[in-house]
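User: I am new to this structure and would like to learn how to read its features. Please go through them one at a time.

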Amino acid sequence: MDGLTARRFGLSSLLDRGAVEAAQMASLREAVARARERSPWYRERLAGVEPDALRSRADLPRLPLMSGADVAAHGQRMVCVPQGEVARIVTLQTSGSTGTPKRLHFTRDDLAGTMDFFLHGMLSLADPSDRVLVLLPFEQPDSTGDLLIRALSGGGVRSAGLWPPAKREELAGLVRGFTCVVGLPQHLLALAEVLPFGVVRTMLLCSDYAPPALRRRIEEACGCETFLHYGTTETGLGGGVECAAHDGCHLRESDLLLEIVDPESGEPLPEGEAGEVVVTTLGRQAMPLLRYRTGDMARLTAQPCVCGGVTARLYDIAGRRRACILRGGFRVTSQELDDMMFGVDGLLDYRAALDMDGGRDRLGIEFLAGQGHESLERRMEQALRRVPGVAAALDIGTLALGPMRRVQAFSPSHTVKRTIFDQRGSTS
Ligand SMILES: [Zn+2]
């Protein structure tokens, strides 16, 4: 990431932290001035902000925070280019009460920046001797998989897409000849369990959250080295990727400025503390985002990495902040469930749903199990009881564990932005 960041900023390739941060602030001043000039929403919103006053990271709170609700409500007024220059619009459903989707706009240049990152990020785990299998949607032009395949091709790395991922029994045959695989953690786990040991060298896990237990099982099952990617549509699909030191995702700092803030107060937190990830896009043409609250929890460090890189790293990425509140006031996040559930050997994927039964909450599980693991119910129940909020609610009797039902398959996209499906409202 250092090389990419230096080149895109026009800096010498021997980066130092001061130069990166100075270049980021210069880029931010331009982004703020441009947004005020071209977007009616930012013009009003940033009326009191003088771009030249933004000299260091300490000045960032001069810019107000923005949220997904702002993008859903005012996205069209954030667009800074004529409609004819918009190359792609990504529509994201929101979980908010209005249900208005977010529409993120990108120009051809914005997408080229993403591809530049994709290629250089992949060089952490693949080289031209590899063949890369992309288990992501790729058929639509400029979809994530399509951008990745084209980026790799531009760098001389052979690759192919497969979506939706085939049935597990067929996968092992389909992936013959590939030495690197990119996909969602649950799909890579299912694949790892049917692969011959040692054939696939590396895997890239794309998701906002990859449970450590799941990652360990992938590596043990097929002998590959796993790498994490952090990125969302808002970060321009790509955001950061681990190096071989596996000590956080190196960020593409030429295009993104990240902060960690207190999720309650919105105040910036000291380096290394866990909080909400706030993203500012630098150089994004179609629809810049300035101090956008992602809802993801993580830590950030700008200390040099053992790989020698100085680009900042995001680590302890814990995914969505939103918790499900159980009767009795106990909080449970889908990440806490994932951490325990993916420790269950043989469990490939699951879906948790909450409903009501006789005045109590009821937590039911649908699950996908590997061959030879026909009855996982008892171990899944033990795993659920290790989640503090679940254990507390079970103890006082306001929660019961519901049916655990084995399924043959899930929709390929159901794991993206996992949540606990809360169906309690619809039954009362
Ligand atoms: Zn590193």
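Analyst: We will look at a sheet, a helix beside the sheet, and one glycine. Note that the model is predicted.

User: How do strands make a sheet, and in what order do the strands come here?

Analyst: Strands of a sheet pair through backbone hydrogen bonds, either parallel or antiparallel. In this model, eleven strands make up an open sheet with mixed pairing, and their order is β4-β3-β5-β6-β7-β8-β9-β13-β12-β11-β10. At the edges are β4 (158-161) and β10 (256-261), each of which pairs on one side only. From one strand to the next, the twist averages 35°.

User: How many bridges join β10 to β11?

Analyst: Six bridges join β10 to β11 (residues 275-281), and the two strands run antiparallel. Within this pairing, E259 stands opposite V278 of β11.

User: Which strands does helix α8 touch?

Analyst: Helix α8 (residues 185-192) packs on the sheet and touches β3 (131-135), β5 (180-183) and β6 (202-206). The direction of α8 makes about 140° with that of β5.

User: Where is G402 placed, and which residues does G402 touch?

Analyst: G402 is in strand β18 (residues 399-406). Leaving aside residues up to four places away in sequence, G402 touches R362, L363 and G364. G402 and D357 are 45 residues apart in sequence, while their C-alpha atoms are 9.1 Å apart in space.

How values were computed:
Residues are numbered from 1 along each chain as its sequence is written. This is a predicted model: local features need pLDDT of at least 70, side-chain atom pairs count only at pLDDT 80 or more; totals for chains, interfaces and linings use all residues. Two strands pair if DSSP finds at least two bridges between them. Helices (H or I, at least four residues) and strands (E, at least two) are DSSP runs, numbered from the N terminus. Axes are lines fitted to C-alpha atoms, for helices over the stretch in contact, and angles run from 0 to 180 degrees between N-to-C directions. Two residues are in contact if their C-beta atoms, placed from the backbone, lie within 7 Å.
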